[in-house]
Amino acid sequence: MFSKEIKIKVVLDYLSGKSYTSITRKYGIKGSATIYHWVRLFKEFGVEGLANNYSKTFYDYSFKIKVITWRVDHRASYPVTAKRYKIRNPTTIWQWERDLESGRLKPNDRRPGKMTDKKPRTAEELKHLEEENRRLKIRVAYLEKLHALTQKKKNSQIKKKHK
């Protein structure tokens with residue numbers, strides 16, 4: 001809806017100290033969340049972050065798992081993780097995690113080679129398989145913990161109803 005040039009002017013106005021209210025009135029923006037979002041994009045990605053880039057970026061399965069694993073291991077927030085991996089929208093990571101929990105996040109169908117071949121593995125292939133195994137173990141542990149928490153919540157709700 002707003003051009004890149006307008007977004008730049010809005011961000012510059014905000015960074016120069018103008019209030020959200022005066023900026024929203026001046027440019028006809030409905031809410032301060034839009035300004036906050038543009039400022040965040042500008043700070044993280046520079047002027048290019050404000051471009052009207054509506055093409056979808058596709059991330060492969062291993063990258064998604066890498067991002068989720070890093071976030072969990074470091075107990076990082078979604079915005080911090082998104083900034084580290086240059087993902088424009090932190091909710092993208094949240095969605096990947098929900099997909100992983102529900103089993104909808106699956107490896108790409110384009111797998112190199114067949115699983116049945118008996119040729120010896122290279123060091124690189126073994127390293128890749130060990131990393132994938134580690135990721136899968138993390139996924140299983142994550143899903144088991146989620147299941148345990150869900151059961152605990154159900155049980156506590158049942159106890160409250162019977163009191």
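How are α1 and α2 oriented relative to each other, parallel or antiparallel? The model in which we look for the answer is a predicted one, in which local features need pLDDT of at least 70 and side-chain atom pairs count only at pLDDT 80 or more, while totals for chains, interfaces and linings use all residues. Residues are numbered from 1 along each chain as its sequence is written, and side-chain values use heavy atoms, with hydrogens and water left out.

Two packed helices are described by the angle between their axes and the distance between the axes. Helix α1 (residues 4-15) and helix α2 (residues 20-27) have axes that come within 10 Å and cross at roughly 155°, where axes are lines fitted to C-alpha atoms, for helices over the stretch in contact, and angles run from 0 to 180 degrees between N-to-C directions. Helices here are DSSP runs (H or I, at least four residues) numbered from the N terminus. The two helices α1 and α2 are therefore roughly antiparallel to each other, a term kept for angles over 145 degrees, whereas 65 to 115 counts as roughly perpendicular, under 35 as roughly parallel and the rest as oblique. On the α1 side, the contact (heavy atoms within 4.5 Å) is made by Ile6, Lys9, Val10, Asp13 and Tyr14, and on the α2 side by Tyr20, Ile23, Lys26 and Tyr27.

We turn next to α7. Helix α4 (residues 61-74) packs against helix α7 (residues 123-161) at an angle of about 60°, with the axes 11 Å apart, which makes α4 oblique to α7. In this contact, Tyr61, Ser62, Ile65, Lys66, Thr69 and Asp73 of α4 meet Arg134, Arg135, Leu136, Ile138 and Arg139 of α7.

Helix α6 (residues 91-102) also packs with α7, their axes coming within 9 Å and crossing at roughly 80°, so α6 and α7 are roughly perpendicular to each other. Here Glu97, Arg98, Leu100 and Glu101 of α6 are in contact with Arg139, Tyr142, Leu143 and Leu146 of α7.

Finally, we come to the largest cavity, where a cavity is a set of points, on a 1 Å grid over the protein atoms alone, where a 1.4 Å probe fits but cannot get out, and lining residues have an atom within 4 Å of a point. This cavity is lined by Ile65, Ile68, Thr69, Val72, Leu100, Arg135, Ile138, Arg139 and Tyr142, and the elements that give two or more residues to its lining are α4 and α7.

Terms used
On a 1 Å grid over the protein atoms alone, a cavity is a set of points where a 1.4 Å probe fits but cannot get out, and a pocket is an open set with protein on both sides within 12 Å along at least five of seven lines; lining residues have an atom within 4 Å of a point.
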